[in-house]
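I opened this structure for the first time today. These are my notes on what I looked up.

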Amino acid sequence: MGKYIYTYIENGQMYDKSPSLAELLAKEGLSCEKIVTGRIEYIKVKDFETQIKAAQWLVFTSKNAVAGFAYNVGEMACEGESDCDGVLNGDSVEAFAVRSGFPDGIKIAVVGNKTKEALRMACGFETDFVSYKSTGLELGRSLMNIAAGKIVYLCAEITSGSLEEAMNEYENLIKIPVYRNEYVDTYAEYEMKDFIDVSGIAVTSGISGERIKWLIDKLGESGEVPVYSIGPACSKKLVEAGVKENRIIEACEHSYSGLVEAIKKSAGKPEA
């Protein structure tokens with residue numbers, strides 16, 4: 001069995017202690033090598049507390065959105081403080097709650113338990129609703145049935161559009177981008193690597209689409225390997241980049257663990 005190539009988005013501030021994709025693959029005895037395809041950059045939101053004010057719901061569809069939210073809370077708490085490092089603690093979260101008019105009854109909805117745990121670790125906030133499926137589309141559909149009032153969606157600068165699609169008739173949905181996926185040009189670095197004996201390519205973000213198409217072309221005749229996608233939005237971006245739809249294997253559970261299970265099933269390894 002050959003090695004698996006997986007995409008990696010660099011992130012310097014992540015409130016998550018769960019195993020990385022590399023660790024999960026290694027645990028299953030699968031050899032892997034990463035390709036860096038992007039970098040998360042947090043966006044400082046102007047008048048952040050004003051935009052959040054009077055919200056009835058806060059919505060997160062990723063751990064990156066949680067980290068971007070926490071970054072802005074830390075930045076807001078540091079205003080006027082010369083020696084503040086922006087690190088969140090009980091005082092800074094409380095200051096945010098007071099200054100933003102953060103109501104006691106505000107509700108929080110997230111995609112998946114990983115996002116739920118990240119929010120608890122970052123801010124100490126508990127979640128009121130976790131979508132049945134770990135997709136923005138499913139969360140949006142659920143919110144259409146249970147939510148009322150102003151909904152603030154903390155998200156990427158460019159989203160998949162799935163939550164917005166599900167809530168296109170909702171009149172009070174406010175999008176606040178708190179992070180962006182910055183493209184990282186590392187073609188020269190990976191051009192020199194020998195990608196022989198590749199059994200599959202695992203893709204964790206749609207931003208990696210063009211890089212994956214490049215890698216497939218680089219593999220040439222040996223490139224007829226499956227491409228494992230973490231979810232529908234990622235699969236869509238891969239197809240848009242020119243990856244043939246019939247070679248994409250999409251994880252049933254849209255998480256690192258789900259991606260590993262898809263690889264194991266395809267490789268003929270017994271499921272956990």
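I began with β8 and β9, which run parallel and are joined by 3 bridges. Two strands pair if DSSP finds at least two bridges between them. I took strands (E, at least two residues) and helices (H or I, at least four) as DSSP runs, numbered from the N terminus. Ala-202 stands opposite Tyr-228 in β9.

I noted that this is a predicted model, in which local features need pLDDT of at least 70 and side-chain atom pairs count only at pLDDT 80 or more, while totals for chains, interfaces and linings use all residues. Residues are numbered from 1 along each chain as its sequence is written, and side-chain values use heavy atoms, with hydrogens and water left out.

Next I looked up β1 (residues 3-10), which runs parallel to β8 (residues 198-203) and is joined to β8 by 4 bridges. I found Lys-3 bridged to Val-198 in β8, and Tyr-4 bridged to Gly-200 in β8. I also checked burial in β8: 5 of its 6 residues are buried, so β8 is largely enclosed by the rest of the structure. Buried means under 20% relative accessible area, exposed over 50%, and partly exposed in between (1.4 Å probe, protein chains only).

Then I read the whole sheet. It is open and mixed in pairing, with 10 strands in the order β5-β4-β3-β6-β7-β2-β1-β8-β9-β10. Which strands stand at the edges? They are β5 and β10 (248-250); each has a single partner strand, so one side of each is left without a neighbour in the sheet.

I turned to the helices on the sheet. Helix α11 (residues 256-267) packs on the sheet and touches β1, β8, β9 (227-229) and β10; its direction makes about 145° with that of β9. Helix α6 (residues 136-146) also packs on the sheet, touching β3 (57-60), β4 (107-110) and β5, and its direction makes about 170° with that of β3. Axes are lines fitted to C-alpha atoms, for helices over the stretch in contact, and angles run from 0 to 180 degrees between N-to-C directions. Contact means heavy atoms within 4.5 Å.

In helix α6 I picked out Asn-145. Asn-145 counts as exposed because its relative accessibility is 67%. The side chain of Asn-145 reaches the backbone oxygen of Arg-141 at 3.4 Å.

Last, I looked up Thr-127, in the loop between α5 (112-123) and β5 (129-130). Is Thr-127 buried or exposed? Thr-127 counts as buried, at 17% relative accessibility. Leaving aside neighbours within four places in sequence, Thr-127 has contacts that include Ile-108, Val-110 and Leu-119.

Terms used:
A polar contact is a pair of N or O atoms within 3.5 Å; within protein, one must be able to donate a hydrogen and the other to accept it, and residues adjacent in sequence count only if both atoms are side-chain atoms.
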